[in-house]
Each structure stands twice: as structure tokens, then as C-alpha cells.
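Here are some notes to read beside the model. Please keep the structure open as you go through the points.

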Amino acid sequence: MSTAAATPADHLLLLPLRQRVLEQRLGVRALHLHRTGHPELSHRFVEDTAENIYSVSKTVTALAVGIAQAEGLLQVEDLLTDHLPAPTGGYGQGVDEVRLRHLLTMTSGSPVLGFLDAEREHEDLTAHLLATDLTAAPGERFEYSNGSIFLLARVIEERTGQTLRDWLMPRLFAPLGILNPQWFTTRDGRTWGATGLHLKSGQLARLGRLLLDRGAHEGTQLVPADWIDALHAEGTWVTTGDPEPEAARYGFGVWDCTVDGAWRADGAYGQFLLVLPAQQAVLTVTSHLEGRAGAEILRAVWEELLPLL
């Protein structure tokens, strides 16, 4: 936490964005702004309760992959089949060509995306994913997928003998003061990885600051700095084909932004960790915006807050 003294101008930074949130009914629950060398600023529109951060969970799983790589448990270019044994009946066609990189960038080619009730409630989603034939060659095209990120969680569980949530407790959550996070599991008790992590906005903001500080927290390197860089490296991005400019490129569990150099973790209904390296800042946003694109919140940030930083 910064010890810098706040100025009157600091306290007003969030005001234009707060007004826009209310005027346009953007459903924002909380805002947390961290700037290097400045005091923390926050505003809550509702009580701060632990809420589903949806696909920001994917970014947390991507952080876990970087920690696991640093511990020698895996490499991002490993084949998936190096880590997960074949299901009864064998791997689906093409599955033996999928690398962990393809899972991180959602370019595995698997048609099992993990959104259908039959998939989410499958008694053995891992086997279902591994046994299903690919519909595209790995790396050929982007398709947004909970299934791909779930398989990354499964790789870590297979290598460590612990659920992803439990394995991350001493490595990530506890050092950040997140002492008992709840994370949805599949029917067979596997951490979902792709969604379902529940955090308070203040806890989520600590993860945002970790991203800005390249994996360091209070002098301890929780995630390798070069892995944080790799999440959003120019060579990591894949094009998505999405007409929304804010969704044009996806990296290792994060999205590119239209603001030069900015990148983000992004969850349904308006959950964001907006990393702004040029401004040495990160903005954490929690929301419940239904029936409208989360990009409306992003554009509000770019227009109402960014010019003030």
C-alpha cells in the first residue's frame, strides 16, 4: 500500500467515471484505482461481497501455469497428452497435437467449449474433452472456450495431486491475503479454472496490482515477471475475428485493449482488471451489467478516467 499523501485532485479522479456509471446505468459495483506512488482510491456502489469474477478466473489460471512452469512442472509448449492420460477409448482425432499454448490462447480446435449444460454437468468432463475429435487444427482459429482453460487446471491437478484452488493457496492466494476463496468445481470435484472463482472487489484489486507490478507483491515475486510479460507479448496475441475492437486480440488468458499498451483480465457482466502500463496504473472494476456489452464500461473508463491519469 502506498504511503503517499492524497491531494484534493486525487480524490476527484474517480468522480467523472462514477457520474457516467450512474447516468448510463452501467451496473458497476466497485472501482479500485492503484497508481504507482499514489494512494489507493476506491468507490463502492454496493456492499462489498464475494462475487463470481467469471472469466477473470481464466487469468488466474494463466498465472498458475506460469508458476507451475517456474517450478518445473510443465512448459507452455508441452503437448497436452504429455500430462493427461488417454480416456477409455483413446484420444479424439487431433488431440495429440494440442499444446498448452493452444489451450491458453483458445486455439485448440476442440468443439467442447464448456458452455452447454450437458458439458458443464458431465460426470467426467476431462474424459469428454480428451475423447472428442477436433474440428480444426490446433492454432488454426480462435474460439472462446471454458473447456480449454479447464484442461489447464486439470494439467496442474494431474501434476501436483491437488486441486488448482488448493495448490494456489500458499503460492498466490494466501500471500495476497485471500484466505478462503471459493471456486466452482465440476461434478467430479475438479476446479473449473475458466470461471467460478469468487472474490470481493478489494481482493480482486490485489490481483490487479500483481499484474501491474509484473508478478511482485510486497517484495516477493509470486509469479515470474517474464511470465506476466508473456501474457500480453506481441508474439502471444491471436486474432479473434470479433468485430468489437476491444475483443480483437487474445493472449494467455488476457485481452488486448484499444488504448495503446493497455491489456486486461475480463469477466462476464463487467468484471475487469485494466492494466495501464504507460500510466503506471491498474483499475479494478466489478459489475453486474446485463443485456449490454462490457465494452460500454471500457469506453467510459477511456473517456472519463484515462485523460486524468
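1. Start with the second largest pocket. Remember that this is a predicted model. About 370 Å³ of space lies in this pocket. Its lining is made of 20 residues. Nearest the centre are Asp 266, Gly 267, Ala 293, Gly 294 and Ala 295.

2. Which elements give two or more residues to this lining? They are β11 (263-267) and α11 (295-304). β11 gives the most, with three residues. By type, the lining has ten nonpolar, four polar and six charged residues.

3. Now look at β11 itself. Five of its five residues are buried, so the strand is largely enclosed by the rest of the structure. Trp 263, Ala 265 and Gly 267 point one way, while Arg 264 and Asp 266 point the other way.

4. β11 pairs with strand β10 (residues 255-256) in the antiparallel sense, over two bridges. Trp 255 has Arg 264 as its bridge partner. Six residues separate β10 and β11 in a hairpin, and Gly 261 in the turn has a positive phi of about 85°.

5. β11 also runs antiparallel to strand β12 (residues 271-276), joined by five bridges. Here Arg 264 stands opposite Leu 274. This hairpin has three residues between its strands, and Tyr 269 in the turn has a positive phi of about 70°.

6. Last, find Leu 84, in the loop between α3 (56-70) and α4 (100-104). Is Leu 84 buried or exposed? Buried means under 20% relative accessible area, and Leu 84 has 1% relative accessibility, so Leu 84 counts as buried. Its contacts include Tyr 91, Thr 126, Leu 130 and Leu 151.

Technical notes
Residues numbered from 1 in each chain as written. Predicted model: local features only at pLDDT ≥ 70, side-chain atom pairs only at ≥ 80, totals over all residues. Heavy atoms only, no water. 1 Å grid on protein atoms, 1.4 Å probe; cavity = no way out; pocket = protein on both sides within 12 Å on 5 of 7 lines; lining within 4 Å. Points joined across faces, edges and corners; volume = space filled by probe spheres on them. Helix = DSSP H or I, 4+ residues; strand = E, 2+ residues; numbered from the N terminus. Nonpolar A, V, L, I, M, F, W, Y, C, P; charged D, E, K, R; others polar. Buried < 20%, exposed > 50% of the residue type's maximum accessible area, 1.4 Å probe, protein only. Contact = heavy atoms within 4.5 Å. Pairing = 2+ DSSP bridges. Lists of a residue's contacts leave out its neighbours within four places in sequence.
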